[in-house]
Amino acid sequence: MKNRCDVLVVGAGPAGSTAARYAAEAGLDVLLIDKRKEVGLPVCCGEFNASTAVLAEALPGAPGFDDLFPIDPSVVRREIRGAVAVSPKGREYEFDLPGYTLDRDALDRSLADAAVRAGAVLALETTFLSLDGRLVRTRRGDVESRVVVAADGPLSPVCRSAGMERNAVLAPAITCRVDGEFGDRLRFYFGNSVAPGGYAWVFPKEGCANVGLGVQDRQTPLPVLLRAFLERMGLAGGRDAMAGFVPVSGPIPETVRGNVVAVGDAAGHVVASNGGGIATAMICGRLAGLAVARHLLNGEPLDAYEREWRSALGRELEAAAKTKRMADRFLGSDFLVERTMGMLGGGGIRNLIVFGGLSGR
Ligand SMILES: Cc1cc2nc3c(=O)[nH]c(=O)nc-3n(C[C@H](O)[C@H](O)[C@H](O)COP(=O)(O)OP(=O)(O)OC[C@H]3O[C@@H](n4cnc5c(N)ncnc54)[C@H](O)[C@@H]3O)c2cc1C
């Protein structure tokens with residue numbers, strides 16, 4: 001592995017691969033490392049992405065859509081028309097939500113391939129250990145890098161090592177795969193017997209569904225909740241179960257410190273009201289790659305990145321985190337959830353989940 005580069009990107013998820021691609025396209029010497037043996041595996045994701053039109057409506061100030069979306073069509077597994085939110089008592093609220101489910105490992109591979117095609121060097125099974133200025137320690141040796149991109153997910157060892165504040169609230173979530181045909185609507189299930197303080201989901205794919213749930217805390221182990229949900233739904237199997245965390249407290253206070261920039265889950269770039277972070281990781285990854293290039297090639301201060309992503313989608317991410325905090329107050333009570341869903345109806349539920357309470361612009 002090379003021991004010197006312009007930019008070391010830690011994490012070959014959507015954020016890191018996109019940042020690596022844009023920095024490499026600008027002509028920088030980029031090393032993209034990941035601790036995994038294979039990019040994108042194991043999958044720990046609901047695998048849904050909203051359509052470009054919905055993303056553009058939800059994040060009207062975000063740049064780069066023409067470049068980033070639509071994603072590689074070969075990774076799409078089913079077109080999605082809409083969604084159904086199911087209340088604790090089983091009342092159903094339908095709303096429009098065009099988008100698609102995808103094979104998340106294939107998406108991650110296609111984004112990493114694009115970075116490599118642009119000239120980045122990808123090193124797998126290379127775990128980041130620590131950082132001291134330009135010197136980065138990995139399990140496969142030391143690397144000297146002018147800039148380090150922390151794209152290493154919600155727990156971000158890079159942010160910790162750089163002394164940056166990390167995600168304050170991490171919601172535990174679990175997902176698995178169930179065979180069968182499930183139509184073309186996402187289904188969200190609310191209620192404390194299903195997913196305390198969160199929701200369970202069934203997201204249709206081709207010949208199977210991604211089934212999972214996210215909760216507020218870990219009082220009951222996630223695999224127990226998932227098994228109970230599968231039984232309740234009459235779903236057999238449940239292959240490839242995998243648990244992880246979703247950052248739901250909004251962006252971290254500072255995403256640039258010294259020569260380190262944080263992006264994607266590491267930076268809290270997630271729409272906290274629904275837990276979606278693929279598209280925002282890509283949008284902010286592009287901004288990070290471009291800002292790092294301008295910094296190293298033209299001497300622009302690195303913290304231009306912080307200003308750019310905040311003005312592009314900071315308001316929406318903060319609003320979604322606020323909505324999530326508000327929702328946390330009633331999600332603990334099935335009675336309140338039932339009443340609130342009844343009051344909101346399908347359109348109101350869509351506004352809160354998809355747009356973090358900011359729709360209608
Ligand atoms: C159960 C679940 C379901 C979800 N469902 C959806 C969904 O349906 N739609 C959606 O849009 N979002 C969803 N999300 C959120 C989405 O997965 C994330 O927001 C997205 O993956 C963020 O991309 P990222 O590149 O920032 O981080 P990641 O995809 O987490 O990538 C981080 C990378 O860093 C690597 N890494 C970590 N530590 C180190 C280290 N020390 N050294 C080297 N490499 C390291 C990891 O191996 C990983 O490859 C879900 C999350 C979970 C947990």
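# Notebook: looking around a predicted model

**Entry 1: Phe335.** I began with Phe335, which is exposed, having 10 other C-beta atoms within 10 Å. For my own use I noted the cut-offs: a residue is buried if 20 or more other C-beta atoms lie within 10 Å of its own, exposed if 12 or fewer, and partly exposed in between, with C-beta atoms placed from the backbone. Phe335 belongs to helix H9, residues 334–355. I also looked up how elements get their names: helices (H or I, at least four residues) and strands (E, at least two) are DSSP runs, numbered from the N terminus. Phe335 and Ser87 are 248 residues apart in sequence, yet their C-alpha atoms are 9.9 Å apart in space.

**Entry 2: ground rules.** I number residues from 1 along each chain as its sequence is written. This is a predicted model, where local features need pLDDT of at least 70 and side-chain atom pairs count only at pLDDT 80 or more, while totals for chains, interfaces and linings use all residues.

**Entry 3: the ligand.** How many residues surround the ligand? I found 38, and the closest are Gly11, Gly13, Gly46, Gly264 and Gly277. Here a residue is near a molecule or strand if its C-beta atom, placed from the backbone, lies within 6 Å of it. The elements giving two or more residues to this shell are helix H1 (14–25), strand E3 (48–50), strand E10 (170–179), strand E14 (239–247) and helix H7 (278–298). Sorted by class, the shell has 18 nonpolar, 14 polar and six charged residues. For this sorting, Ala, Val, Leu, Ile, Met, Phe, Trp, Tyr, Cys and Pro count as nonpolar, Asp, Glu, Lys and Arg as charged, and the others, Gly among them, as polar.

**Entry 4: the sheet.** Next I followed an open sheet of eight strands, ordered E3-E5-E4-E11-E12-E13-E10-E14, with mixed pairing. Two strands pair if DSSP finds at least two bridges between them. E3 and E14 are the edge strands, each pairing on one side only.

I then stayed with strand E13 (residues 208–214), where six of the seven residues are buried. Which way do E10 and E13 pair? They are antiparallel, over seven bridges. Asp179 stands opposite Cys208 in E13, and Cys176 stands opposite Val211 in E13. Strand E12 (residues 199–205) also runs antiparallel to E13, joined by seven bridges. Phe203 has Asn210 in E13 as its bridge partner. E12 and E13 form a hairpin with two residues between them, and Gly207 in the turn has a positive phi of about 75°.

**Entry 5: Lys205.** This residue sits in strand E12. Is Lys205 buried or exposed? Lys205 counts as buried because 22 other C-beta atoms lie within 10 Å. Neighbours within four places in sequence aside, Lys205 is in contact with Glu47, Arg77, Arg78, Thr101 and Asn210. Contact here asks for C-beta atoms, placed from the backbone, within 7 Å.

**Entry 6: the core.** The largest nonpolar core has 119 residues. Such a core is a set of buried Ala, Val, Leu, Ile, Met, Phe, Trp, Tyr and Cys residues joined through C-beta atoms within 7 Å. Val30, Val149, Ala150, Leu213, Val261 and Val263 have the most contacts inside this core. H7 gives the most to this core, with 13 residues. I reminded myself that in soluble globular proteins, nonpolar side chains tend to be buried together. Among the residues that Ala150 touches, beyond four places in sequence, are Val10, Ser156, Cys159 and Val263.

Entry 7: Most residues other than glycine have a negative phi, and most peptide bonds are trans. Ser156, not a glycine, has a positive phi of about 30°. Ser156 is in the loop between strand E9 (141–150) and helix H5 (157–161), and is buried, with 27 C-beta neighbours inside 10 Å. Asp240 also has a positive phi, of about 55°. Asp240 lies in strand E14 and is partly exposed, with 13 other C-beta atoms within 10 Å.

Which residues does a cis peptide bond join, with omega about 0°? Leu41 and Pro42 are the pair, and Pro42 is in the loop between strand E2 (30–33) and E3. The bond from Phe69 to Pro70 is cis too, with omega near -5°. Pro70 is in the loop between helix H3 (65–68) and strand E4 (76–86).

Conventions. Two residues are in contact if their C-beta atoms, placed from the backbone, lie within 7 Å.
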